[in-house]
Amino acid sequence: MSDLIYVFKLIVIGPGAVGKTSIINRFVKDEFVLKYKLTIGTDFISKTIEYKPNKKAKLQIWDIGGQERFKFLRRSFYDGANGAFLVFDLSRGHTYKETKTWLSEMNQIMEKKIPFILVGNKSDLIEEIGELIDRNEVEMFVKEEKSIYIETSAKTGDNVEQAFIELTQRMIKK
Ligand code: G3D
Ligand code: MG
């Protein structure tokens, strides 16, 4: 008998090279590959997550991949999404500003607002490069959007699974 109840479409969006594909690979395969050829395109990859003890949900995780460059291709990508990771790169501050454009585009395309989590990825680089974003401003931004902010490293795996669990719980509450 299966106690699997939920199936969610989860999309991972944000500027290029922030680590979207790496986060998915870390979560799904628990690995970090130094060189990816090209991102998966329009396909998704499935993984069942235990978001609470004995509670499972199936996630269909969609990597926006090359479509990040082609706005006209994105509509079908967003179609039916239940939740999103909006990812930026902690080592490139301008990618944080760009997430605001991504968010307004998503809200424009989606009929209803869906839960999202703002992800600052590459936290392993912070020590080396210093702080490039104003965390107070980030916290104010996500609070206004009724969202939360999580810092991850696809390289070390830090917080990656937690981010998926948190988003799954938010999609369930929705
Ligand atoms: P994208 O799918 O958002 O375009 P990728 O991003 O997953 O392809 O990652 C872009 C680059 O960032 C890759 O390096 C990848 O190895 C690196 N990267 C991804 N996540 C992390 C992380 O958490 N920490 C660090 N240090 N690097 C990360 P290359 O060299 O292949 O461009
Ligand atoms: Mg990619």
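Me: Which residue, with a positive phi, follows helix α1?
Reply: This is a predicted model, and its local features are read with that in mind. Helix α1 covers residues 20-29, and what comes after α1 is a residue whose phi is positive, near 50°. That residue is D30.

Me: What is the order of the strands in the open sheet?
Reply: The sheet has six strands with mixed pairing, and the twist averages 30° from one strand to the next. Its edge strands are β2 (44-52) and β6 (148-152), each of which pairs on one side only. Read across the sheet, the order is β2-β3-β1-β4-β5-β6.

Me: Which residue of β3 is the bridge partner of Y6?
Reply: Strand β1, residues 6-13, runs parallel to strand β3, residues 55-63, and seven bridges join the two. The partner of Y6 is to be found in β3, and that partner is A57.

Me: At about what angle does helix α6 run to β2?
Reply: Helix α6, made of residues 160-173, lies across β1, β2, β3, β4, β5 and β6. Among these strands, β2 is an edge strand of the sheet. The angle between α6 and β2 is about 80°.

Me: Why is the pair of W62 and F77 described as edge-to-face?
Reply: The structure holds 10 aromatic pairs, and a pair of aromatic rings is described by the distance of the centres and the angle of the planes. The centres of the W62 and F77 rings are 6.3 Å apart, and planes over 60 degrees apart count as edge-to-face. The pair is edge-to-face because its planes are at 80°.

Me: Which helix does the pair of W62 and F77 tie to strand β3?
Reply: Both W62 and F77 are buried, and together with F44 and Y78 they form one aromatic cluster. The charged end of K9 also sits over the ring of W62, 4.1 Å from its centre. W62 lies in β3, and F77 lies 15 residues away in sequence, so the pair ties that strand to helix α2.

Key:
Residues numbered from 1 in each chain as written. Chains lettered and ligands numbered in written order. Predicted model: local features only at pLDDT ≥ 70, side-chain atom pairs only at ≥ 80, totals over all residues. Heavy atoms only, no water. Pairing = 2+ DSSP bridges. Helix = DSSP H or I, 4+ residues; strand = E, 2+ residues; numbered from the N terminus. Axes fitted to C-alpha atoms, helices over the stretch in contact; angles between N-to-C directions. Contact = heavy atoms within 4.5 Å. Phe/Tyr/Trp six-rings, centres within 6.5 Å; stacked < 30°, edge-to-face > 60°. Buried < 20%, exposed > 50% of the residue type's maximum accessible area, 1.4 Å probe, protein only. Lys NZ or Arg CZ within 6 Å of the ring centre and 35° of its normal.
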